Amino acid sequence: MTPSLHFRPLRPAVAADGPTTLELLIQIATPALPPAQQKNRPGLNLALVIDRSGSMAGSKISYARKAARFLAGELTDRDRLAIITFDDEVQVLVPSQPVRDPLLFISAINTIDAGGCTALFDGWLAGATQVANQLDPQGLNRVLLLSDGQANAGLTEAGAIAAKVEGLTQRGISTSAFGLGSGFDEDLLGAVAAAGDGTLAQIESPKQLADLYASELQGLASTVGRKLSLGVRLKHGAQLMDVLNDLPQTGAGNFQLPNLRYGQELGVGLRLQLPAWFPNQEIASVRLAWDSPDADGRQELIEHLTLPVRLQADIDGLDLDPAVAEQLALLEANRERRLAIAELDRGDLQAALESLKAIDQRLAGLPQSEAVERERHLLSAKKTLLSKDQNLGRKRLRNESLRSSLNVWESGDDNT
């Protein structure tokens, strides 16, 4: 299966008589998963790493056990699972092994109780080691990290932890980070999920855990491209001014994208600056590269961008592509939430609310599609929430700010 890659400019031409600011949406899409392949997914090599620190006592640990039992029951003997818990110490409850008998895992899960501090990195490392020891190049290898708190034992600095996670990602071991409740460190878990090429989730009620695990398994089963990267090579003096998704860059200078799934579309917004242009002159070549679960070696797709050349006065009279205008505005709305977060961190709630109001006003100038209305609803909900609970409001803003650069799980309740 090869994804498609299409260019959609905001205006369908560039200028011959002066510079052009070219705003462009790159669309990457895959077809729906063929029915014949739905039962032939790659094997999963998973480690479930559960925070059992003291703050997990009560309903949190109870639902964490319940969701872990659900996960074990959904896997088959072609899958491997390890169960690890951590507080200030790490315990490998079940070393990685095929899920031939879910009861073996369920019995171990039932023994999990809340304990002491939060050695988050040590717990993640134990899970990653279990996955690495059984690495399946043709399968999907992932650590599922669940925590309700902040790292306060062992390695605790977010950048250092993310660097370790990224190192394992380069070896084919991804990490998803799930924050539970209102006490987890959203910046740390966001950094872990981004470095881990996995899913970021904020779970406000432990009752949501089973739905999250079901979504994660479905996403893993439908993954068609891992370690997805986008390389943009500009020609003839064209310059890349901005990538609206704020994507991390690989060591080769390409942009890292979330894993690609069947039936999914990813959009990357670019802003280019071009000098006066000549007809039939190539603007850029774009290379999409990925690892496929069912093919050896790096896969790639290369497309070349050229556009009609006209006088600037003629271009000014052309209609904007409304779908592109909407997508670029939504990408910028994700990014601009970070300004509100920075203002909250400075203790200026009023400035944060004004920043959210400014985003909403810009979106109000667009045709009110379902996507735009939903985005404005989310912004309105955040303004209300921040006046009541800044901690929770910040967490939700952080999640929303990352939607265009990694897979972010949303519960379907519109964060109301």
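Hi everyone. Please keep in mind that we are looking at a predicted model.

Let's start with the sheet. Seven strands make it up, in the order β6-β5-β4-β7-β8-β9-β18, and the sheet is open with mixed pairing. At its edges sit β6 (90–98) and β18 (407–409), each pairing on one side only. On average, neighbouring strands here are turned by 15° against each other, direction ignored.

Now find β4, residues 44–51, and β7, residues 140–147: these two run parallel and are joined by seven bridges. In this pair, Leu48 stands opposite Leu144 in β7.

Two helices lie across strands of the sheet. Helix α11 (residues 390–401) lies across β9 and β18, at about 155° to β9.

Leu48 leads us to the next topic. Which residues touch the most other members of the largest nonpolar core? They are Leu48, Leu81, Leu146, Ile203, Leu209 and Tyr213, out of 35 residues. Helix α1 (residues 59–74) gives the most to this core, six residues. Tyr213 has contacts that include Leu48, Phe70, Leu146 and Phe178. Apart from this core lies another, of 32 residues, with Leu22 and Leu305 among them.

Last stop: Asp360, in helix α9 (residues 349–364). Is Asp360 buried or exposed? Its relative accessibility is 15%, and buried means under 20%, so Asp360 counts as buried. The side chains of Asp360 and Arg376 are joined by a polar contact of 2.8 Å. Leaving out residues up to four places away in sequence, Asp360 touches Arg376 and Leu379.

Note on methods. Residues numbered from 1 in each chain as written. Predicted model: local features only at pLDDT ≥ 70, side-chain atom pairs only at ≥ 80, totals over all residues. Heavy atoms only, no water. Helix = DSSP H or I, 4+ residues; strand = E, 2+ residues; numbered from the N terminus. Buried < 20%, exposed > 50% of the residue type's maximum accessible area, 1.4 Å probe, protein only. Polar contact = N/O pair within 3.5 Å; in protein donor to acceptor, adjacent residues only side chain to side chain. Contact = heavy atoms within 4.5 Å. Core = buried A, V, L, I, M, F, W, Y, C linked by side-chain atoms within 4.5 Å. Pairing = 2+ DSSP bridges. Axes fitted to C-alpha atoms, helices over the stretch in contact; angles between N-to-C directions.
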